[in-house]
Amino acid sequence: MEGVSNQEKSTIDTELQTKLLLHSDDHDHKGGMRTMPFIIANEAFERLASYGLMPNMIFYLMEVYHMEAVTGTSILSIWSALSNGLSIFGAFIADSYLGRFRVIALGSLSTLLGMVFLCLTSIFPQLRPSSCNELDTSCNPATPTQLALLFSCFGLLSIGSGCIRPCSMAFGADQLNNHPTQNNQRLIDSYFNWYYASASMSTVVSFTVLVYIQDQYGWQVGFSVPVLFMVCSALMFLLGSSLYVKVKVGESPFSGFIQVLVVAIKNRKFNLSHDDCYNHSHGMDRVELTENLRFLNKACVIKDSNTDPWSLSTVEKVESLKSLIRIAPIWSSGILLFTTSSQSYPTLQAKAMNRHITSGFEIPAASFVLFMVLTVTIWLAFYDRILVPILTKYTHQPRGLHPKIRMGIGLLISVIAMVVSAIVETIRRHVARSGNDMSAMWLVPQYALLGLAEAFNAIGQMEFYYTELPRSMSSVAMAMFMVSNAFSGLVGGVLVNVVDLVTSEGGSVSWLSSDINEGHVDYYYWLLGLLNLLNFFYFLICCRFHKRFTLST
C-alpha cells in the first residue's frame, strides 16, 4: 500500500487479525454438545405434554362434551391428521423462510397456548357443556362457542406439533455439523440415540403416569400437569438461544417439485427430441435424465437464455420428482395400517373390562396402548442386535430383510391383529351381556400384534424411502412418513362415519355405538381385517409395478 508507513501497516494488520480472531471465537462458541440438553429437553417435555393429552381425550369428549363415540373418534382422527399434515408446512416454512429456531419457538408458544385453553375448559364450567341431568339422563350439547374454543385448542396444538416435530431433530444436527471433526459423526450418532431414548421415555411416562393422574385426580389436575411440562419445554429451548447455530434458510425441496410441475405444464406443447440440451444443477450430484415420465423432461429443456427457476428447472430436480412419483403407490399402502393402529375403540373396550392387577390398583384404560409401544421397542432391539447378523448371512442384505419384505410382513401381521381383535371382542361382548367381567389383559395380544406390524412396516418404509430417494431428498423421507400418518387420520375419520351411517339405517343399533355392549365393534374389526387383507394384495401389485418401473430406468 503506497503512502502508508510500516507502523500504520502493522496497526492495520493487527486490527484485522483481532477482528478475525473475535469472529472465529464467536463462531466456535456457537453450537456443539452443550446445546443438546436444551434441544432434547424441549422435545422430551413437549412429547410428555402432548402425548399425555391424547390417550384419554376420547373419554373427555364423551364424558364432558357429551359426544358419541363415533363423533369423538372422528374429531381425534382429524386432529391427528392435521398435526401430521402441518408438519410438512412447518418444515417448508423453516427451510424457506423463518429458519428452524424461530419455527420451533413459535411451535412451543402455540402448543403452550393450546394446552392452557384446554386446561381452562376443565376449570371454568362456562367453557364446557353443563353436566347431565341424573333424573332423566338428558345431556345438554355443547354450544357453538364452546365447540369453537375446543377446536381452537386442537388447532393450536396441531400447529405447535407441526412446527416442533419436523424441525427439532434437524436443529440438533445443525449444532453438531458446525464442528467438523473426526468424531463429528460419532457425536451425531450419540445425539440421535439420546434423542430417541428421551422420546421413548417421554412416551412411556405419558401413557402411564399422566394417564394415571387424569384417571385418579380428574381433568383439572390431569390437564394442568401437561401445561407445566410445556412451560418447561419452552423455557429450556429459549434459555439456550444465545448458544445455538441458526442456519440460514435456503430452498425447500418442495419448492423444486412445484417448479418442475409448473414449468412442465408451461412447456406442454413442446416436442422433445434427441438433440435437446438439458439444464443441470451445479450444486447437486449430477444425474442423467431418464426416459420414464417423459412429460416432466420438458421442464429442464434449454430453449433460450432464461434461467429463472419458474421457466427452466434442472435435470436433478426432475429426477427427484420422478423418484418420488415412483414410490408413491407403495407409500399409499401404509396408510391403512396406521389407520388400524390408531383406533380409539380398543381404549373403550379396556374401559368396559376388568383392569385390576390387585384389589387396590387398576390399570388406566388409556395406558394399554403402552403394550404396543413396548412391543415396538423390544422387537427393534431384538431384530437389530440378534436377527440382522443371522439374516444377513443368508439374504446378503445389510439390514437382514429387504425393506419391501418387511413392509409386506407388517401388513400381514395387521390382518392377524384385526382377526384376533374381532375374536376377543366377540367373547368380551358375550361375557359382558351375560353380566360378567372379562380381564382387560386379553387385549394385550392385539396391542402387541399391532406394535409388531408397525415395527415391521413403519421402519421398513423409512429405510425404503432412504434407499430409493436421492441423498438430497433425505428430509423428504420423513415428510412422506408424516403425510401417510396425516392421511391415515382422514381415512379413519371417514371410515367410522361411513360404518356408523350404514349400520344405523332403519333405526338399527350402530356397530360403533357409544355403548359397545350394544354395538358390534367385533364386526368393525372383521371389516378392518378384510380391508387390510385387500391392502396387502394391493401392496404386492404396487411392488410388481415398482420393479418394472425401476428396471425401465
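**The nonpolar surface patch and other local features**

Reply: In this predicted model, Met441 lies in the loop that runs between helix H13 (403-433) and helix H14 (444-468). Met441 is partly exposed, because its relative accessible area is 38%, a value between the 20% and 50% cut-offs. Met441 belongs to a nonpolar patch on the surface together with Tyr212, Tyr217, Val221, Ile357 and Phe361. Together the accessible area of these residues is about 560 Å². Helix H7 (residues 184-239) is the element that gives the most to the patch, with 3 residues.

Two loops elsewhere hold a histidine with a positive phi. Most residues other than glycine have a negative phi. His396, in the loop between helix H12 (370-395) and H13, has a phi of about 60° although it is not a glycine. His396 is exposed, because its relative accessible area of 66% is over 50%. His66 also has a positive phi, of about 55°, and is not a glycine either.

Last comes a helix. Helix H8 (residues 253-266) has 14 residues, and the distance from its first C-alpha to its last is 20 Å, close to the 20 Å expected at 1.5 Å a residue. The buried residues in H8 are Ser255, Gly256, Phe257, Gln259, Val260, Val263 and Ala264. An α-helix has 3.6 residues a turn, so residues three or four places apart point the same way.

Definitions and conventions: Residues numbered from 1 in each chain as written. Predicted model: local features only at pLDDT ≥ 70, side-chain atom pairs only at ≥ 80, totals over all residues. Heavy atoms only, no water. Patch = residues over 30% accessible without salt bridge, like charges linked within 9 Å, V, L, I, M, F, W, Y side chains within 5 Å. Areas by Shrake-Rupley, 256 points an atom, 1.4 Å probe, with all protein chains shown as cover. Salt bridge = Lys/Arg side-chain N within 4 Å of Asp/Glu carboxyl O. Helix = DSSP H or I, 4+ residues; strand = E, 2+ residues; numbered from the N terminus. Buried < 20%, exposed > 50% of the residue type's maximum accessible area, 1.4 Å probe, protein only. Expected span 1.5 Å × (residues − 1).
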